[in-house]
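Hi everyone, thanks for coming along. Please bring up the sequence and the structure on your screens, and we'll walk through them together.

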Amino acid sequence: MRLSALIATIAAIIPLIALIYFVIVRAIPWLDAELFVNNPLDKPSGISNAIFGSLQLTTAAILAVSPIGVLAAIYLNEYASPRVASWSELVIDVMLGVPSIVVGMFAFMVVVPQLGVSAGAGVVAIGILMLPIVVRTTQEVLRLVPSSVREASLALGVPVWKTVIFVVCRTAFSGILTAVILAYSRGLGETAPLLLTVRGTFAQNWLDFGTTMNALPLTIYSYSGAADSRTLGQAWAAALLLMVLALALNIVVRARTVNSRVA
Amino acid sequence: MTFNITRSPSLLSPDRTFRAITLMAAVTTATILAIIFVVLALGSIPALTATSFLDFIGTNAGPIFGTVATALIAIVVAGPIGILAAIYLVEFAPKRLAVVLTFIVELIAAIPSVVFGLWAVNDLSIRLRDSVEWWIASTFGKFIPFLSEDSNNPAADSVFRAGFLVGIMIIPLVVALSREIIRAVPISLREGYIGIGATRWETIRHVVLPTARIGITGALMLALGRALGETIAVTMVIGGSNDVPGSLFQPGSTIATRIATTLPEANPDVKSVLIALGVILFFVSLGLSLAMRLAARQTAKITASVK
């Protein structure tokens, strides 16, 4: 029986290896300088609009969301009564299980009529998906800060707010950074909400969140069935970039907190 | 740890201000949730009141069938593998190996679903068609039309392949959740059983799994919820047909794929139907997610009572 459990474990890992192998092998021939510099309309074509679009969208979302998320986690962990904290944990956990397409649909119904099909609407959708990740992970980290640290600070006459900011948050700083990085890496890969809000474009867009933008997942999605080998190759290259970014961010984070329970 | 500062001397003390700021952030988070909830619930009313609920299900049988079918196939693929892998990681693997393997399995969860989709379209889907799908069709297809396939001319996309892909994608979730739950079973229970002469495997079968049963069921429900909502990878391999397919090995669609592909250009009638479908998806996954959390709390209580 031990053997069957081992086989199952191997079976769980095989897809990862097959996938990584495939993406690398298919993508490498298409990695050239033009890929990063040119747009799909340039000759030779590239996907710089998608690369920098993804970075802009995700960065804007994380900048908007992480202060709210971290402060909310501080409230829940440091101020809220255990009862309120426990219920909000449940609610946020449940929110983590909401399919991203549903959040995309919400953004399509509420934000797109206001802002139009635009990068801004995409930022809202991605931000909503990131928020519970930031709150929940930060909360887990703050909980790990021992009460004795807080008590020591308070006993020295340091006001509560200074204790929270300069003692609790400083102790947990790398953990809070982890929360933000995890949310960022999740945001990078979101596709379905972007399909409903940003839609994609061939043009390069620098920081104009009122018009449409492109993103790596959108490029992968729309190029995935291309008959033209260069276009399909660029889909693989985009997939490699996205995968390397997501895996690198996760490895950086998890290498430091291997035993962390937070997914 | 809770600070009580209700007797702070001044209304504008930094303590109160900071507390108010954090409270505002928490309220903002809660408000966003509440708005999503209300908007979706209200948005579904036009479609759900226009016809009876049964008619609504009937006219949208295709995507509803596809959603349920892909999610169930995913659970059949990921459930046994995920739970067995979790048992191996907790009960058998040497500690260092367990850490490394857990790390690798969790990395699968970090890979964006669109990358899985690209891989499936260009490689996995074809392999599945020629192996598992071909085997099932040639073995059972003769007796069960629902599992039949024209082996000379198999469909380019199929519900089965989409479900299998989602199964691979949710394995890490099943492993992670089951591992937590199995690990929470108290050592003393295992020791007691081993003490009366049971083997390692008997202990797992008769002590660990029964104790963890509720929790593992909850884990599978959460995984099911994740599978129901998986969108982009499924869109890329399921084919996009709107009818209930005559066989699992033919193209179909799911609620999520319908929304992703048709919502932006939909006319108002179709739009309200899609929104209603999305709301059903929303509430079903909320329910499954909630069930999982409550099951986890239940297991925690059982194991705590033994400790």
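First, some ground rules. This is a predicted model, where local features need pLDDT of at least 70 and side-chain atom pairs count only at pLDDT 80 or more, while totals for chains, interfaces and linings use all residues. Residues are numbered from 1 along each chain as its sequence is written, and chains are lettered from A and ligands numbered from 1 in the order in which they are written.

Let's start where the chains meet. I'll say two residues are in contact if their C-beta atoms, placed from the backbone, lie within 7 Å. On that basis, 71 residues of chain A are in contact with 74 residues of chain B. Which helix gives the largest share of chain A's side? That is helix α1 of chain A, residues 2-27, with 14 residues. Helices here are DSSP runs of H or I with at least four residues, strands are runs of E with at least two, and both are numbered from the N terminus. By class, chain A's side has 53 nonpolar, 12 polar and six charged residues. For these classes, Ala, Val, Leu, Ile, Met, Phe, Trp, Tyr, Cys and Pro count as nonpolar, Asp, Glu, Lys and Arg as charged, and the others, Gly among them, as polar.

Now to chain B by itself. Chain B is divided into domain 1 (12-50) and domain 2 (59-306), with bounds that come from an automatic or database domain assignment. The C-alpha centres of these two domains of chain B lie 31 Å apart. Seven residues of domain 1 touch six residues of domain 2 in chain B, and the domain 1 side is made up of five nonpolar, two polar and no charged residues.

Next, look at helices α7 (119-144) and α10 (173-189) of chain A. Their axes come within 8 Å and cross at roughly 155 degrees. Axes are lines fitted to C-alpha atoms, for helices over the stretch in contact, and angles run from 0 to 180 degrees between N-to-C directions. In α7(A), the contact residues include Ile126(A), Leu129(A) and Ile133(A), and in α10(A) they include Gly175(A), Ala179(A) and Arg186(A). This contact has 11 nonpolar, five polar and one charged residues.

The peptide bond from Lys43(A) to Pro44(A) is cis, with omega near -10 degrees, and Pro44(A) sits in the loop between α2 (33-37) and α3 (48-79) of chain A.

Arg199(A) is not a glycine, yet it has a positive phi of about 70 degrees. Leu207(A) also has a positive phi, near 60 degrees. Is Leu207(A) buried or exposed? Leu207(A) is exposed, because 9 other C-beta atoms lie within 10 Å. The cut-offs are 20 or more other C-beta atoms within 10 Å for buried, 12 or fewer for exposed, and in between for partly exposed, with C-beta atoms placed from the backbone. Arg199(A), with 19 such neighbours inside 10 Å, is therefore partly exposed.

Ile220(A) has 28 other C-beta atoms within 10 Å, so it is buried. Among the residues it touches are Ala235(A) and Leu242(A), along with Val114(B) and Leu118(B) from chain B.

Methods
Lists of a residue's contacts leave out its neighbours within four places in sequence.
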